[in-house]
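Work through these exercises with the model open beside you. Try each task before reading its solution.

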Amino acid sequence: MNADDRARIAAFGIDLPDLWERIENSERKAMLRLVIDKVILDQRRAKGMVWIRIIWQTGAATEHWVMRRTQSYAEAAHADVLEQRIRELNAAGMMDAEVATALNTEGLRNSLDGLFDHNTVHLLRQRWNIPTVKINGVEHNPPRWPDGSYSIQGAATALGVTEQTVFKWLKRGKLQGRQLKKGQPWQVDLTLQQIKALTAPNYSMTPSRKAAS
């Protein structure tokens, strides 16, 4: 880099970010060489981290740590932080999708420095033996829940209709039910009177292949 180049850089010195965007890569490297003598990298000093030592042209040196991408959470520098946070959010009753949203909002990233989704959270829960917050755990829905309400499957059996019909009746208000939150199984309230009324001849079965949640 000649004197004219140095003068041009000095002239733009008040707006270095703008200058950096406008010049070529070869010029950027030349600029860095003006201030940096040597850069030393070490990926073995700490799990999932890169240690960087910059030796400046003045002879001074500075050290920095940068988190690196890893294929495995066993090598991720923030694995312990992630596990603790997922445990906390899970204990608060959050579903996997909600946990993923919370982690992303808090600025945490997956091992590849990307955003979390519910599948990643699900796999991490399995890795760290964190139980699901679903009321049926990992088991199939029982006919009835401990509070006496029915599952979609249980209500369909009790009423002699398909699961899709139960969904339709919930939507139309013929049945009352609830989900603790999106992703949780349905809990359908049924009394003997309702069962008798809804199994009367005027209610017919509607075939469907839709799976119950």
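Contact means heavy atoms within 4.5 Å. Helices are DSSP runs (H or I, at least four residues), numbered from the N terminus. The model is predicted: local features need pLDDT of at least 70, side-chain atom pairs count only at pLDDT 80 or more, and totals for chains, interfaces and linings use all residues. Residues are numbered from 1 along each chain as its sequence is written, and side-chain values use heavy atoms, with hydrogens and water left out.

**Exercise 1.** Find the residues through which α7 and α8 meet, then describe the angle.

Step 1. I152, Q153, A155, A156 and L159 of α7 meet E163, V166, F167, W169 and L170 of α8.

Step 2. Sort these contact residues: eight are nonpolar, one is polar and one is charged. Here Ala, Val, Leu, Ile, Met, Phe, Trp, Tyr, Cys and Pro count as nonpolar, Asp, Glu, Lys and Arg as charged, and the others, Gly among them, as polar.

Step 3. The axes of α7 (residues 152–159) and α8 (residues 163–172) come within 8 Å and cross at roughly 100°. Axes are lines fitted to C-alpha atoms, for helices over the stretch in contact, and angles run from 0 to 180 degrees between N-to-C directions.

Step 4. The two helices, α7 and α8, are therefore roughly perpendicular to each other. That label covers 65 to 115 degrees; under 35 is roughly parallel, over 145 roughly antiparallel, and the rest oblique.

**Exercise 2.** Describe how α5 packs against α6.

Step 1. α5 and α6 (residues 118–127) pack at about 105°, with axes 8 Å apart. This makes α5 roughly perpendicular to α6.

Step 2. From α5 come D96, A97, V99, A100 and L103; from α6 come H118, V121, H122 and R125.

Step 3. The contact residues divide into five nonpolar, two polar and two charged.

**Exercise 3.** Which residues of α4 and α5 make their contact, and at what angle do the axes cross?

Step 1. The axes of α4 (residues 79–91) and α5 (residues 96–105) come within 10 Å and cross at roughly 130°. That makes α4 oblique to α5.

Step 2. R85, I86, L89 and N90 of α4 touch V99, A102 and L103 of α5.

Step 3. By class, this contact has five nonpolar residues, one polar and one charged.
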